[in-house]
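Take a moment with the sequence and the model before reading on.

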Amino acid sequence: MRLPQQKLDQVLDRFKMIEARMGAVTDGTEIVKLSKEHAELKPVAEAVERVLKARSQVPELEELIALKDPELSPLAEDELQELKASLPELERGVALLLAPKDKDENASAILEVRAGTGGDEAAIFAGDLFRMYSRYAVTQGWRVEIDSISEGDAGGYKEIIASVTGDGVFGKMKFESGVHRVQRVPATETQGRIHTSAATVAVLPEAQDVEIEILDKDIRIDTYRASGSGGQHVNKTDSAVRITHMPSGIVVTSSEKSQHMNRAIAMRNLKARLYDQQRQALDTARSDARKSQVGSGDRSERIRTYNYPQGRITDHRINLTIYNLPQFMEGDMASMINALIAEDQAERLAMLEDEMG
């Protein structure tokens with residue numbers, strides 16, 4: 001993509017204006033606002049300067065080549081070829097920084113995994129998925145904390161909700177939202193027949209720098225006795241908390257040992273659900289003019305199939321099949337996630353091209 005000079009100049013002009021303004025203002029609120037924009041624009045401005053420097057060197061090198069100096073001209077020609085080879089990548093880097101981006105890219109997230117069709121096998125598969133995500137989180141240096149859990153009768157989970165905290169969680173995990181289908185022979189199957197079952201994944205960004213107003217009159221808070229694992233683990237007090245947000249019908253729960261902690265966790269998860277509802281409405285409005293499978297976040301959509309007999313995982317949104325299912329289920333998801341991010345970047349670049357039209 002050839003970025004217009006005018007667009008690059010606008011970025012640098014804005015960056016210089018912010019720097020000048022930061023040195024002049026005394027209001028604390030405005031200083032914070034300018035500092036945030038300065039931090040966001042700095043990598044863009046630096047990338048723009050690299051592009052402009054490279055572009056300015058092209059005519060200089062061409063002049064040296066035109067001199068036909070037996071020593072300088074061949075060197076200048078080699079340097080020009082290297083520069084022209086690197087310039088498209090420099091410009092693509094700037095384009096990605098300028099392209100419309102998800103403001104929640106760096107947010108932590110709430111991860112929800114629920115068993116779908118398939119009975120006990122669906123719950124076992126939901127457990128496999130949660131383990132896979134937990135292992136991937138470890139490779140990223142993220143922290144996973146379980147907020148609410150409902151175990152399956154034969155293992156796994158009917159539902160499990162967890163907070164995943166760290167840098168860039170939502171940006172990498174948001175493509176996991178949707179229906180995941182598994183094809184395999186269940187452990188209980190005596191005749192070796194392959195069964196198909198499913199689990200649903202939702203990844204919600206934790207609300208950052210956003211005011212989500214929740215009125216007391218709009219919620220009902222119930223306490224109940226959380227189910228435990230038996231023996232000393234049985235919860236003997238009514239410490240679990242269920243919060244119902246009546247205008248939206250959203251219900252959130254938390255079943256740790258402390259009722260005070262459960263209220264805080266449930267309220268945080270409710271805010272994330274309400275914020276996600278706002279995002280979904282906005283995304284729907286924006287996508288009326290264009291259909292996009294990657295990043296649509298449509299949780300009724302079958303996004304991926306895990307085929308155990310063939311050892312493959314297929315992502316249906318980008319038609320990518322990877323034959324490393326055992327490693328993938330151990331958290332080796334980077335190649336799939338990177339491919340989804342690349343597809344998303346391509347779409348964002350296309351949107352930028354449309355804007356510059």
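Contact here means heavy atoms within 4.5 Å. Keep that cut-off in mind while looking at this predicted model.

Leaving aside neighbours within four places in sequence, Thr314 is in contact with Ile303, Arg304, Thr305, Leu320 and Thr321. Thr314 is found in strand E10, which covers residues 312-315. Is Thr314 buried or exposed? Its relative accessibility is 11%, so Thr314 counts as buried. The cut-off for buried is under 20% relative accessible area. The side chain of Thr314 also makes a polar contact, at 3.2 Å, with the side chain of Arg312.

Now step back to the whole chain. It holds eight helices and eleven strands. It has 357 residues, and 40% of them count as buried.

Begin the tour at the helices. Helix H1 spans residues 5-22, and helix H2 spans residues 28-66. The two pack with their axes 8 Å apart, at an angle of about 140 degrees. H1 and H2 are therefore oblique to each other. Roughly antiparallel would need an angle over 145 degrees. The crossing of H1 and H2 is left-handed. Which residues make up this contact, by class? The contact of H1 with H2 has 13 nonpolar, three polar and eight charged residues.

H2 also packs with H3. The axes of H2 and H3 come within 8 Å and cross at roughly 155 degrees. H2 and H3 are therefore roughly antiparallel to each other. H2 passes H3 in a left-handed crossing. By class, the contact of H2 with H3 has 19 nonpolar, two polar and seven charged residues.

Pro43 has a relative accessible area of 36%, so it is partly exposed. Pro43 and Leu97 are 54 residues apart in sequence. In space, their C-alpha atoms are 8.3 Å apart.

Next, follow the chain out of H2. Lys68 lies in the loop between H2 and helix H3, which spans 72-98. What is the phi of Lys68? It is positive, about 55 degrees, although Lys68 is not a glycine. Most residues other than glycine have a negative phi. Lys68 counts as exposed because its relative accessibility is 69%.

Asn319 is not a glycine either, and its phi is near 50 degrees. Asn319 lies in the loop between E10 and strand E11, which spans 320-322. With a relative accessible area of 68%, Asn319 is exposed.

Now look at the loop between strand E1 (109-115) and helix H4 (119-140). Gly118 has its place there. Its relative accessibility is 42%, so Gly118 counts as partly exposed. Along the chain, Gly118 and Ala199 are 81 residues apart. Their C-alpha atoms are separated by 8.8 Å.

Another loop runs between helix H5 (169-173) and E4, and Glu176 is placed in it. Is Glu176 buried or exposed? Glu176 is buried, because its relative accessible area is 0%. Glu176 and Thr200 are 24 residues apart along the chain, and their C-alpha atoms are separated by 9.3 Å.

The last stop is strand E4 itself, residues 178-184, where Gln183 is found. Gln183 is buried, with a relative accessible area of 16%. Which side chain does the side chain of Gln183 join in a polar contact? The partner is Asn307, at 2.8 Å. Not counting residues up to four places away in sequence, Gln183 touches Ile194, His195, Thr196, Thr305, Tyr306, Asn307, Tyr308, Pro309 and Arg312. Thr305 is also on the contact list of Thr314. Arg312 is the polar partner of Thr314.

Key: Residues numbered from 1 in each chain as written. Predicted model: local features only at pLDDT ≥ 70, side-chain atom pairs only at ≥ 80, totals over all residues. Heavy atoms only, no water. Axes fitted to C-alpha atoms, helices over the stretch in contact; angles between N-to-C directions. Helix = DSSP H or I, 4+ residues; strand = E, 2+ residues; numbered from the N terminus. Parallel < 35°, antiparallel > 145°, perpendicular 65-115°, else oblique. Left-handed = near helix turned anticlockwise from the far one by under 90°. Nonpolar A, V, L, I, M, F, W, Y, C, P; charged D, E, K, R; others polar. Buried < 20%, exposed > 50% of the residue type's maximum accessible area, 1.4 Å probe, protein only. Polar contact = N/O pair within 3.5 Å; in protein donor to acceptor, adjacent residues only side chain to side chain.
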